[in-house]
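Thanks for coming. I will go through one structure this morning, starting with a single residue and then widening out.

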Amino acid sequence: MTAPIPRDIPDLPALPGMPALLPSLVPATAVVPRVRRPLAAVYRLLVALAATTAVTIDLLLGSPVRILSHFTIQSSILLALVMVFSARRAWSARHPLPSVLTGAALLYVTTTGLVYHLLLANQASPFPLTGAAATPTGWHAITNQVLHTLIPLAALLDWLLLTPPGRLHLRQATTWLLYPLAYLVFSLTRGELIPPGTPGRYLYPFLDVDLHGYRSVLGNALLLGLSFFALAVLLVALDHARPNIVRHHTKTGFRLQPPVG
């Protein structure tokens, strides 16, 4: 006869010195093999070089303080910095920059191109540029096209062709509006500190208090702010709707064979 199996089996005591197993806190993305992207790195370095060269030429040909006060120059400098650091991470197979930063740079240079071509360079708009700013010549004509046309298009191509989709988020759109709001305050404060009648007191016609008054300028700023936000929402929507062109195929070291028979 066999002895009956006891209903309650006491737990075995823990072995001294054996640590308890803890759940792993390592995310799944940490074990995915990283892939170097030399093509993206070279492209981004070229874009950064083009933006830096155009900004440097403008600084050498004009007043550095005045040149650096333009939204175009500031957004181009931000994009150049983002492109340099993004190129370094793509070359060394590191994780990309936060999307809140790359999305902001993309939004600002895209807005720069749209505002220039739709409002400033369009003689049919209510706020066209006048004088020498409307018809730049020499090096100014080259840098003008680079900063207002080439750089925005290059940033859009990098986003569409070299950046995985679905990284931008709607909650980031409000954060992206902080810089345009700060620039509005800066531009109006700068105009108040410059004596009336000074040429270039206000850098953009739609922010010219001498011509339109504060009420109209603030109305223009509100419309531009809404346009900023609408463009940000559009970029986020397109980012989640566009196909994934950036695909990485990694080898696992073995290959599954079809079943035999």
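Is glutamine 172 buried or exposed? Glutamine 172 counts as buried, because its relative accessibility is 8%. By buried I mean under 20% relative accessible area, with exposed being over 50% and partly exposed in between, using a 1.4 Å probe and protein chains only.

Before going on, some housekeeping. This is a predicted model, where local features need pLDDT of at least 70, side-chain atom pairs count only at pLDDT 80 or more, and totals for chains, interfaces and linings use all residues. Residues are numbered from 1 along each chain as its sequence is written, and side-chain values use heavy atoms, with hydrogens and water left out.

Now the overall layout. The protein chain has eight helices and zero strands, so read from the N terminus the elements go α-α-α-α-α-α-α-α, where helices are DSSP runs of H or I with at least four residues, strands are runs of E with at least two, and numbering starts at the N terminus. Of the 261 residues in the protein chain, 34% count as buried. Contact, here and later, means heavy atoms within 4.5 Å. Among contacts in the protein chain with a separation of 6 or more, 74% are between residues 24 or more positions apart.

Back to glutamine 172, which is found in helix α6. Apart from neighbours within four places in sequence, glutamine 172 is in contact with Ser99, Val100 and Arg167.

Ser99 comes up again with two other residues. Leucine 168 lies in the loop between α5 and α6 and counts as buried, at 5% relative accessibility. Not counting residues up to four places away in sequence, leucine 168 touches Ser99, Gly103, Trp159, Trp176, Leu235, Val236, Asp239 and His240. Leucine 168 and histidine 240 are 72 residues apart along the chain, yet their C-alpha atoms are separated by 7.7 Å. The other residue is alanine 104, in helix α4, buried with a relative accessible area of 8%. With residues up to four places away in sequence left out, alanine 104 touches Ser99 and Trp176. From alanine 104 to threonine 175 is 71 residues in sequence and 8.6 Å in space, C-alpha to C-alpha.

Next, two helix pairs. How do α1 and α3 cross? Helix α1, residues 38-61, and α3 have axes that come within 8 Å and cross at roughly 155°. Axes are lines fitted to C-alpha atoms, for helices over the stretch in contact, and angles run from 0 to 180 degrees between N-to-C directions. That angle makes α1 roughly antiparallel to α3; the classes are roughly parallel under 35 degrees, roughly antiparallel over 145, roughly perpendicular from 65 to 115, and oblique for the rest. The α1 and α3 crossing is left-handed, which means the near helix is turned anticlockwise from the far one by less than a right angle, clockwise being right-handed. Residues making the contact include Ala41, Leu45 and Ala48 of α1 and Ile77, Ala80 and Val84 of α3. By class, the contact of α1 with α3 has 17 nonpolar, three polar and two charged residues. Nonpolar covers Ala, Val, Leu, Ile, Met, Phe, Trp, Tyr, Cys and Pro; charged covers Asp, Glu, Lys and Arg; the others, Gly among them, are polar.

The second pair is helix α4, residues 99-120, with helix α8, residues 209-241, packed at about 125° with axes 11 Å apart. That makes α4 oblique to α8, and the crossing is right-handed. The contact includes Leu107, Leu114 and Leu119 of α4 and Leu224, Phe228 and Leu231 of α8. Its residues are ten nonpolar, two polar and no charged.

Beyond four places in sequence, leucine 119 touches Leu114, Ser125, Phe127, Pro128, Phe206 and Leu224.

Last, a backbone detail. Most residues other than glycine have a negative phi. Alanine 93 has a positive phi of about 60° although it is not a glycine. Alanine 93 is in the loop between α3 and α4, and is buried, with a relative accessible area of 13%.

That is where I will stop.
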